[in-house]
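Biologist: I'd like to learn how to read a few features off a model. Could you walk me through one?

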Amino acid sequence: MSTHRPVCALTIAGSDSGGGAGIQADLKTFAAHGVHGLSALAALTAQNTRGVTAVHVPPARFLRAQIDACFADFQIGAVKLGMLANARIINAVADALEAHRPAAVVLDPVMVATSGAKLLEDAALDALRRRLLPLATVLTPNIPEAELLLGHPVPDDEAAEAALVELLALGGGAVLLKGGHLPGTGAMVDRFDDGEALLEFEHPRLDLEGHGTGCTLASAIAANLCRGLDLREACASATDYVHGALLGAYRPGKGGACVLDHFWRRRGDLPGA
């Protein structure tokens with residue numbers, strides 16, 4: 001038995017009873033990267049590949065207790081934030097992060113599920129902007145989430161490039177804007193801006209509906225930061241990882257959504273393994 005205390009990644013997010021997104025996807029991603037995963041449940045969803053049917057939000061005091069317990073016992077290298085359903089929960093998380101000051105915070109501003117179900121209350125958007133964005137090492141919105149944060153449409157590639165600058169001005173350290181929702185038939189482009197460098201990560205566009213891609217991407221970034229990669233390397237590697245997981249995606253349920261193969265690299269049967 002090793003006596004070495006590893007650097008751990010903590011996810012503060014919602015649970016997906018269908019196993020494809022949220023806390024479940026986060027922990028699979030951490031494990032696939034060889035990182036010990038910790039979790040604090042900010043919400044519970046009744047969910048499957050067809051959609052979200054119910055959401056339960058635990059008391060903020062209990063969420064804070066989970067977070068404090070993790071920081072009291074583990075060496076946490078990065079925190080990944082996912083579904084935080086309301087302003088009360090967002091404020092509790094922000095208070096905890098300000099108290100514990102983790103080295104890195106990856107903020108995935110989960111607002112709407114792939115099925116279209118709302119996962120963030122309207123009143124919580126302002127709290128997310130005010131309390132969490134200034135604490136974020138990197139913000140990882142998709143196009144619909146960027147539109148909600150900015151208050152205007154982002155319809156094409158040119159608008160996405162402009163949105164990077166606007167999103168960075170909201171207060172985070174860097175932005176990785178996911179491009180999967182933009183129209184087009186060419187390569188899918190994720191755009192990164194940290195105020196010093198503008199980077200584009202390109203992958204072939206895949207004709208499938210992935211479930212949990214945003215959760216997985218943010219968790220892969222957090223895991224890579226725990227492994228010692230710098231932020232740019234962590235984001236580049238995370239986009240490659242998600243693409244490979246999509247290539248190995250499968251349908252465990254009756255719905256059209258595909259669940260990612262988080263352990264594709266270990267199977268060695270896909271490109272890049």
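This is a predicted model: local features need pLDDT of at least 70, side-chain atom pairs count only at pLDDT 80 or more; totals for chains, interfaces and linings use all residues.

Biologist: In what sense do β8 and β9 pair, and over how many bridges?

Modeller: Strand β8 covers residues 188–193 and strand β9 covers residues 198–203. They pair in the antiparallel sense, over 6 bridges.

Biologist: On to helices. What describes two packed helices?

Modeller: The angle between their axes and the distance between the axes. As for handedness, α1 passes α7 in a right-handed crossing.

Biologist: Which residues make that contact?

Modeller: From α1 you have G22, A25, D26, T29 and F30, and from α7 C215, T216, S219, A220, A222 and A223. Sort the residues of this α1 with α7 contact by type and you get 6 nonpolar, 4 polar and 1 charged.

Biologist: And at what angle do α5 and α6 pack?

Modeller: Helix α5 (residues 143–150) and helix α6 (residues 157–169) pack at about 55°, and their axes are 11 Å apart. So α5 is oblique to α6. The crossing of α5 and α6 is left-handed.

Biologist: Which residues of α5 and α6 meet there?

Modeller: A146, L149 and L150 in α5 meet A163, E166 and L167 in α6. The residues of this contact of α5 with α6 divide into 5 nonpolar, no polar and 1 charged.

Biologist: Let's finish with a single residue. Is Q66 buried or exposed?

Modeller: The idea is to compare its relative accessible area with a cut-off, and buried means under 20%. Q66 has a relative accessible area of 15%, so Q66 is buried. You'll find Q66 in helix α2, which covers residues 60–73.

Biologist: What does Q66 touch, not counting residues up to four places away in sequence?

Modeller: With those neighbours set aside, Q66 touches S39, A40 and L41.

Definitions and conventions
Residues are numbered from 1 along each chain as its sequence is written. Side-chain values use heavy atoms; hydrogens and water are left out. Helices (H or I, at least four residues) and strands (E, at least two) are DSSP runs, numbered from the N terminus. Buried means under 20% relative accessible area, exposed over 50%, partly exposed in between (1.4 Å probe, protein chains only). Contact means heavy atoms within 4.5 Å. Axes are lines fitted to C-alpha atoms, for helices over the stretch in contact, and angles run from 0 to 180 degrees between N-to-C directions. Angles under 35 degrees count as roughly parallel, over 145 as roughly antiparallel, 65 to 115 as roughly perpendicular and the rest as oblique. A crossing is left-handed if the near helix is turned anticlockwise from the far one by less than a right angle, and right-handed if clockwise. Ala, Val, Leu, Ile, Met, Phe, Trp, Tyr, Cys and Pro count as nonpolar, Asp, Glu, Lys and Arg as charged, and the others, Gly among them, as polar. Two strands pair if DSSP finds at least two bridges between them.
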